[in-house]
Amino acid sequence: MKTELVVIGAGPAGLSAAAAAAERGVRVVLVDAGERLGGQYFRHDGSGESHNRDWATYQQLAQRIAAQQSRGNLSYLSRSAVWSVSDDGESFTVRIRKGERDEAAIEVIAPRLILATGAHDRALAFDGWDAPGSITVGGLQSLVKGNNLVAGQRVVIAGTGPFLLATAADVLKAGGTVVAVVEAHSFTALAANPAAMIAGRHKISQAIELLGALRRGNVRLIDRATIDAALRNDNGAVRAVSVRTNKGIIGIECDVVATGWGFEPNVELAVNLGLSTKVGIDESLNVTVDDNQQTSNDRVWAAGELAGIAGSDVALAEGEIAGAAAADSVGRRGADTEDARRTRARGRRFAKYLLSAYSIPAGWTKHLPNHTTLCRCEEVTVGEVREAIDEFGASDPRAVKLFTRVGMGWCQGRMCAANCADVIRDCAGVETDAAALAAAHKRVIAQPITLGTLAEWDSGAQ
Amino acid sequence: MSEIRFTFDGVEMRTTAGSTVAAALISNGVMAWRSTRHNDAPRGLFCGIGQCFDCLITINDKADIRACLDVIQNGDVLSSQAGVRDED
């Protein structure tokens with residue numbers, strides 16, 4: 001399949017980018033791994049209704065996409081996981097595996113590309129985080145949004161940031177029981193900061209409303225505290241958590257503990273294309289972009305979380321800007337993007353305050369007992385990684401990987417590479433720089449595929 | 001919404017049509033459906049959005065399907081999986 005522009009990702013950024021480009025007359029193929037449009041933020045159950053407070057925004061975007069589909073400017077490929085993108089200098093070849101049951105292998109070729117690949121939860125390791133019942137906050141929320149289902153009878157939500165509050169409120173609305181929300185910092189850190197209030201008064205008052213709703217829902221709100229361990233029942237599943245507070249350790253019974261420490265951008269495709277990256281203020285790896293969301297490759301734009309975690313408003317704005325810029329590069333102009341640029345500037349300012357106030361605690365890995373699983377796929381413990389550092393002198397993620405197999409399993413380091421870098425910092429005092437982080441994210445094949453799929457593509461390409 | 005039937009390790013279960021495989025299992029009280037290669041440890045859903053590959057399951061004899069992404073079909077036969085089938 002050939003087109004003028006491929007947009008990868010159908011969350012807030014990808015939807016607005018695809019719509020903006022198609023409305024300017026560019027032929028667009030929108031590719032997304034999910035079952036429905038919307039990505040993680042606008043995930044929905046297909047009923048047409050949602051508790052999402054920005055649902056009207058989604059409906060507007062979905063209408064814009066549908067209008068461009070019926071005009072023949074836009075095709076949408078759902079359930080389509082991109083496992084590789086290559087660039088021959090003129091055009092990009094996007095290779096897709098359709099559906100988890102391998103329905104088809106598809107190839108899309110286009111001279112221009114917009115990456116809007118989003119992010120996933122940053123999950124910090126703790127003793128028992130690999131027990132059934134320990135999930136990410138995003139995982140808990142995706143079940144509520146996508147399936148109207150609350151995992152567990154008694155849920156504890158822990159980590160840091162306002163996403164914990166939003167998800168707890170979603171669980172209550174869906175009829176679930178949240179026993180406690182455990183926040184590493186202060187629930188009201190931003191309200192005490194006048195500069196943050198100016199940048200994001202609306203967001204801060206939303207968080208305060210959520211706190212009120214959670215109190216009324218009998219949720220125990222514990223701040224300046226972290227999960228120390230998940231305790232297991234006879235089947236090995238979560239039965240309780242121990243929480244480290246400034247008044248000592250307390251135990252809370254639960255069958256699900258959902259943790260999240262902000263988000264990690266999905267940068268694999270960007271890194272494979274050799275795009276410039278930098279380390280963001282939250283220490284995650286971000287794709288470097290200019291004012292028009294253009295990356296270091298002048299035929300590739302990046303919009304949304306992979307250009308720096310800043311939330312859905314900024315993602316929507318960056319998508320509009322990227323879509324307009326991609327159209328502009330082939331001489332197709334439309335309305336100016338001044339509104340989107342103002343939203344982006346304001347949103348990025350607020351994101352800086354948010355990410356600084358709700359950061360990952362320095363030295364967090366020092367508390368981990370040696371038997372804690374660090375790499376979930378290859379079942380490598382924190383102790384084995386410490387040994388590779390202390391005994392064998394490994395001082396970067398790649399060396400640790402070679403000694404221990406950390407990051408060599410199916411998730412390709414998505415869950416553990418950042419945690420491994422933090423263990424190295426806490427043990428050896430060595431910070432992992434952008435180049436080493438990028439190396440940890442570099443994968444020739446971005447999604448596990450079968451040899452059959454690979455062979456099918458190979459024979460088709462000849 | 002209509003209901004569909006499936007089996008998990010031989011046990012008959014029901015769920016809402018359109019559910020993901022993970023949601024279908026969790027709504028039936030199943031939290032673990034895979035055991036790990038080295039330690040034989042139980043695993044189920046973790047990231048919930050297709051990134052961690054912890055929720056792999058065998059469906060109709062096809063191994064290594066991400067339960068969090070795949071939508072369950074009427075009559076599906078689900079089996080818990082030991083390790084990662086492709087590497088056996």
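A crossing counts as left-handed if the near helix is turned anticlockwise from the far one by less than a right angle, and as right-handed if clockwise. Keep that in mind for the first stop, and remember that this model is predicted.

**Stop one: a helix pair in chain A.** Select residues 137-147 of chain A, helix H3, along with residues 162-173, helix H4. Their axes come within 10 Å and cross at roughly 30°. Angles under 35 degrees count as roughly parallel, so H3(A) is roughly parallel to H4(A). Turn the view and you'll find H3(A) passing H4(A) in a left-handed crossing.

Now show the side chains where the two meet. From H3(A), pick Val137(A), Leu140(A), Gln141(A) and Val144(A); from H4(A), pick Phe163(A), Leu164(A), Thr167(A), Asp170(A) and Val171(A). Sorted by class, this contact has 6 nonpolar, 2 polar and 1 charged residues.

**Stop two: a sheet in chain B.** Hop over to chain B and look for an open sheet of 3 strands, ordered E4-E3-E8, with mixed pairing. Which strands stand at the edges? They are E4 and E8 (81-82), each with a single partner strand, so one side of each has no neighbour in the sheet. Select E3 (residues 32-35) next: E3 and E8(B) pair in the parallel sense over 2 bridges. Zoom in on Ser35(B), which stands opposite Ala82(B) in E8(B).

**Stop three: where the chains meet.** Bring both chains back. Here 32 residues of chain B are in contact with 31 residues of chain A. On the chain B side, H1 (21-27), E4 (42-44) and E6 (62-66) each supply at least two residues. That side has 16 nonpolar, 11 polar and 5 charged residues.

Technical notes. Residues numbered from 1 in each chain as written. Chains lettered and ligands numbered in written order. Predicted model: local features only at pLDDT ≥ 70, side-chain atom pairs only at ≥ 80, totals over all residues. Contact = placed C-beta atoms within 7 Å. Helix = DSSP H or I, 4+ residues; strand = E, 2+ residues; numbered from the N terminus. Nonpolar A, V, L, I, M, F, W, Y, C, P; charged D, E, K, R; others polar. Axes fitted to C-alpha atoms, helices over the stretch in contact; angles between N-to-C directions. Parallel < 35°, antiparallel > 145°, perpendicular 65-115°, else oblique. Pairing = 2+ DSSP bridges.
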